[in-house]
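Hi there,

Here is the structure I promised to pass on. Have a look at it first, and then read on for what turned up.

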Amino acid sequence: MTTLSPENSLSARQSASFILVKRKPPIDKTEWDGFFDENGHLAKSRDFICVNILERGLHPTVRTEAWKFLTGYYSWQSSQDERLTVDSTRRKNYEALCQMYQKIQPLLENLHRNFIETRNSITYDIKKLYDKDPLGNVLLDKKRLEKILLLSYVCNTQAEYQQGFHEMVMIFQLMVEHDHETFWLFQFFLQKTEHSCVINIGVGKNLDMLNTLINFLDPVFAEHLKGKGAGAVPSLFPWFCLCFQRAFKTFDDVWRLWEVLLTGKPCRNFQVLVAYSMLQMVRQQVLQESMTGDDILLACNNLIDLDADELISAACIVYAELIQKDVPQSLKDFFL
């Protein structure tokens, strides 16, 4: 058993309290531009910027550029000229991948049954997406989205297409202007979050650590989940597969949480603390009504229209509580 350092303890207490008072305005274009010198090099530290994003969030006018740094699309050490070169290279590489895909598509169709099945799944999933806002304005281009998803499937040997990726890529398409930006931001997002939303890579690990966290911090609830609630925690995998996006009121809330996940603040694998905080929202009802597994899942699925700031704050408080205790090595390794 290990106790975390006083420095980390102080940092966690600061992180936990940031939204308990009125949150400062998000980082706007004027402030963001002030983070850079005349050559476009960062004049503030990466840590300073990430802490501010955790505490305040990003204004929509700077989100696209900031996410390019957060995902690794741009290097934090780059100049403005270097970033122009990087963007040009990303565009050319994307176009080369598109040309490659066009050449091998007949081969894939003839020799790989999985390709046909995956393409059909992508087409079916995209058809279900709402592509217009309440006023009838078109929000996204489904054909472009389908192309990006197919290319991602063909190029990504680690994270094969899974249901929910169409919604995640849509979030990126709504944020940026060009297809090459959408494609690369999604690839870097998966890598930066340690593929935590990918079923065959990170989702199982997240669920295991969520169960370990419940056992450590809330033994009473854990005991109920082991009995009447058996199977409830493993069945929460859609939370991680979709990075919680169906739990929020607006796309702005989704972006708010995702950019915090990208900062790595206040800790690694913050998504598990978010899931724990969501479970705590139904805890009292579950115990009072002695709910079984199916009823617990129904209560969890009813957690919609949440406020991202409130959820981030709750998860930070859990982190602050966690590091005040003698933490099992498995939890320390996972979060720090």
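How many salt bridges does the structure hold? The structure holds 16 salt bridges. Please keep in mind that this is a predicted model.

One of these pairs is local. Lysine 29 and aspartate 33 form a salt bridge, with their closest N and O atoms 2.9 Å apart. Both belong to helix H2 (residues 29-33), and because they are four residues apart there, about one helical turn separates them. Side chains of opposite charge can pair when their charged atoms come close.

Now to the overall layout. The protein chain is divided into domain 1, made of 1-25 + 198-335, and domain 2, which covers 84-192. Their C-alpha centres are 29 Å apart. To the contact, domain 1 brings 14 residues and domain 2 brings 15 residues.

What is the area buried between domain 1 and domain 2? The figure is about 1,400 Å², and carbon and sulfur atoms give 71% of that area. On the domain 1 side, Trp255, Trp258 and Leu262 are the ones to look at: they supply 36% of the area that domain 1 buries against domain 2, more than any other three residues.

Three residue pairs are in polar contact across the interface of domain 1 and domain 2. Two helices, H10 (199-217) and H13 (251-263), each supply at least two residues of the side of domain 1 that touches domain 2. H13 gives the most to that side, with five residues. Sorted by class, the side of domain 1 that touches domain 2 has 11 nonpolar, two polar and one charged residues.

The count of salt bridges between domain 1 and domain 2 is one.

An unreviewed UniProt entry carries the annotation "domain: Rab-GAP TBC" for residues 57-265. In the model, the end C-alpha atoms of residues 57-265 lie 12 Å apart, and the span is 68% helix and 0% strand.

Best wishes

Key: Residues are numbered from 1 along each chain as its sequence is written. This is a predicted model: local features need pLDDT of at least 70, side-chain atom pairs count only at pLDDT 80 or more; totals for chains, interfaces and linings use all residues. Side-chain values use heavy atoms; hydrogens and water are left out. Domain bounds come from an automatic or database domain assignment. Contact means heavy atoms within 4.5 Å. Buried area is the accessible area (1.4 Å probe) that two parts lose on being put together, summed over both. A salt bridge is a side-chain nitrogen of Lys or Arg within 4 Å of a carboxyl oxygen of Asp or Glu. A polar contact is a pair of N or O atoms within 3.5 Å; within protein, one must be able to donate a hydrogen and the other to accept it, and residues adjacent in sequence count only if both atoms are side-chain atoms. Ala, Val, Leu, Ile, Met, Phe, Trp, Tyr, Cys and Pro count as nonpolar, Asp, Glu, Lys and Arg as charged, and the others, Gly among them, as polar. UniProt positions are given in the numbering used here, feature names are shortened, and annotations may be inferred rather than shown by experiment.
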